Amino acid sequence: MEFKHKSVLLKETIEYLNIEPNGIYVDGTLGGGGHAYEICKHLSSEGKFIGIDQDEDAIKAASKRLSEFKDKLQIIRGNYNQMREILAENGIYKVDGIVLDLGVSSYQLDDPKRGFTYRVEDAPLDMRMDKRVKTTAKDLVNTYSELDLYRVIRDYGEDKFAKNIAKHIVMARAKKEIETTGELTEVIKAAIPAKIRMNGGHPAKRTFQAIRIELNRELEVLQESLEDMIKLLNYGGRICIITFHSLEDRIVKNIFKKSENPCTCPSDFPICVCGKKPLGRVITRKPVIPSEEEVVYNSRSKSAKLRVFEKV
């Protein structure tokens, strides 16, 4: 299956990145190389681009798409939370820009074998972004306690029927192990009132999102990595992050805000005594969202938000 993915907020990201032709730039979620291609086009022969992705299929697709830039390009398989170590291993300690396009790619959603989608009945319950990891969504669904399933679906899926869905999953797996996306979807449907199923979106959407986030530790990785990535930037360097749901966006917003104003002194103190210094400034006071035209030709961009921070 060909790796296809339409890069979201591409024009806006490149503009906000404020690319220096001789600079060093990193894409921590390389995907099919859409953002990477545009960045490389802006780099001179002295510039350098490093692409990181944990998905083997993405690495292969991006390597092919970006082959014309091989003299300024380095592609590495890994998670962006390893960015500092990956760069240090290659003699790089500061960069001029970082891009993260979070969430799941169109390719991952469209490939039934990856098990990300609830729209295919007989796909394996996989959902691993890095297939080197042994634990799959099937393992999670069949081994988590009812309380842990409830927590995951409530917190990461924000589903008001989380408790009942968790209960139905445990009841179903007691009779037979849940093995496919279709089997899980049917269990979820049974846990949601018919009226809601008729009028709402797909009943399994939120639960599938929640399981994917939990399995791949998506929010933990973002929370743990973001401040460290800001510190990797040269002065004037920028980090551009595209999120697709409120939990990701909240983490980015709060860490950017804290990095701009880290002072923990009481508000009535005349001067700062905590000694915490700002790392930079927030460029986007409100998130940048896709234009109406982009949403029309790429419906998956609808929920996207871009936030930008500059090291100063």
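Which residues does R206 touch, not counting residues up to four places away in sequence? Figure 1 gives the answer, and the other views follow from there. The model shown is predicted, so local features need pLDDT of at least 70 and side-chain atom pairs count only at pLDDT 80 or more, while totals for chains, interfaces and linings use all residues. Residues are numbered from 1 along each chain as its sequence is written, and side-chain values use heavy atoms, with hydrogens and water left out.

**Figure 1. R206 and its surroundings.** R206 touches G157, E158 and D159, where contact means heavy atoms within 4.5 Å. Its place is in helix α11; helices (H or I, at least four residues) and strands (E, at least two) are DSSP runs, numbered from the N terminus. R206 is partly exposed, with a relative accessible area of 43%. For such labels, buried means under 20% relative accessible area, exposed over 50% and partly exposed in between (1.4 Å probe, protein chains only). Look also for A162: 44 residues separate R206 from A162 in sequence, and their C-alpha atoms are 9.3 Å apart.

**Figure 2. Aromatic pairs.** Three aromatic pairs turn up in a search of the whole structure. Rings of Phe, Tyr and Trp (its six-membered ring) pair if their centres lie within 6.5 Å; planes under 30 degrees apart count as stacked, over 60 as edge-to-face and the rest as tilted. Y118 and F208 are edge-to-face, at 5.7 Å centre to centre with 80° between the planes. This pair links distant parts of the chain, with Y118 in the loop between α5 (106-110) and α6 (137-143) and F208 in helix α11 (residues 205-216), 90 residues apart. Y118 and F208 are both buried. F256 and F309 make a tilted pair, 5.3 Å centre to centre and 40° between the planes. Because F256 lies in helix α13 (residues 246-260) and F309 in strand β7 (residues 305-311), the pair ties together parts that are 53 residues apart in sequence. F256 and F309 are buried as well.

**Figure 3. Charges over rings.** A charge sits over a ring if NZ of Lys or CZ of Arg is within 6 Å of the ring centre and within 35 degrees of the ring normal. The charged end of R154 sits over the Y150 ring, 5.0 Å from its centre. K311 lies over the face of Y235, at 5.3 Å from the ring centre.

**Figure 4. The largest nonpolar core.** A nonpolar core is a set of buried Ala, Val, Leu, Ile, Met, Phe, Trp, Tyr and Cys residues joined through side-chain atoms within 4.5 Å. The largest has 35 residues, of which M83, I98, I239 and F256 touch the most other members. Helix α12 gives the most to this core, with seven residues. Leaving aside neighbours within four places in sequence, F256 is in contact with residues including L226, I230, V282 and F309.

**Figure 5. The open sheet.** Seven strands run in the order β3-β2-β1-β4-β5-β7-β6, with mixed pairing; two strands pair if DSSP finds at least two bridges between them. The edge strands, β3 (73-77) and β6 (280-282), each pair on one side only. Strands β6 and β7 pair in the antiparallel sense over three bridges, and V282 stands opposite F309 in β7.
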